[in-house]
Amino acid sequence: MKKVSIMIVDDHTLIRETWSFLLGKNENFDVVAECGDGERAIELARDKRPDVVLLDINMAPMSGFDVLKMIRKYSPGSKIIGVSMHSQPAYAKKMLRLGAKGYVTKNSPRQEMLEAIAEVSNNHIYICQEVKNILSDQLLNQDQVNPDINNLSDREMQIVRALKEGLSSKEIASDLNISLKTVEVHRHNILKKLKLKNTVSLINFINSQAFDI
């Protein structure tokens, strides 16, 4: 049986080495490359054509989202699993929309990563349990709040759209050419106007709505 070739992309050396060690011990997997930045990841994907890519989405200066697009261009047969510290479903949805086959948070146990690799290598979609639980909570709670999105200013709507796309406050500040502090003030005001308790509630509200913001 042919081994699943794997490339690991993460800007934290310890994480890369740990996953390389753990996956290398599995007789079904073959770690063919690892690196810590987007440009190198694209080069290696083009040269190695791995079956599966474990891709950290929180890298700089080139984000995992941008790396994903380029890997799909140069190695279209590679199945990509987004790996992130973010558990908000918006991040997983964006990765899948861009062509990833899976999404696993860094809170996920080892067995879940093994399952994710096995599933996506067989061309199935895999979303980790942590994100699935949040999605379930959204469905259960979406009728318990009824905020009015029309109360938001144009700038606040820009930030809501960015949050829906899975951008961080830092990324929003860069895109809108405003300070990080200004973004945080806007986020506070958005929560207040929508009568939501915290950012998780806001993300849940955004993702549960059928309207196009």
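## Working through a predicted model

The mean pLDDT (the predictor's confidence in each residue, from 0 to 100) of this predicted protein model is 86, with 90% of residues at 70 or more. Local features need pLDDT of at least 70 and side-chain atom pairs 80 or more, while totals for chains, interfaces and linings use all residues. Residues are numbered from 1 along each chain as its sequence is written, and side-chain values use heavy atoms, with hydrogens and water left out.

**Exercise 1.** Find which elements have the lowest and the highest mean pLDDT.

*Solution.* Helices here are DSSP runs of H or I with at least four residues, strands runs of E with at least two, numbered from the N terminus.

**Exercise 2.** Work out which residues of helix α3 (residues 64-74) are buried, and what they pack against.

*Solution.* Step one: pick out the buried residues (under 20% relative accessible area, 1.4 Å probe, protein chains only). These are Gly64, Phe65, Val67, Leu68 and Ile71. Step two: they sit on the same side of α3, because they cover an arc of only 155 degrees around the axis, taken from the directions from the helix axis to the C-beta atoms. Step three: look for partners in contact (heavy atoms within 4.5 Å). The buried residues pack against β1 (4-9), α2 (38-48), β3 (52-56), β4 (79-84) and α4 (89-97).

Definitions and conventions
Buried means under 20% relative accessible area, exposed over 50%, partly exposed in between (1.4 Å probe, protein chains only).
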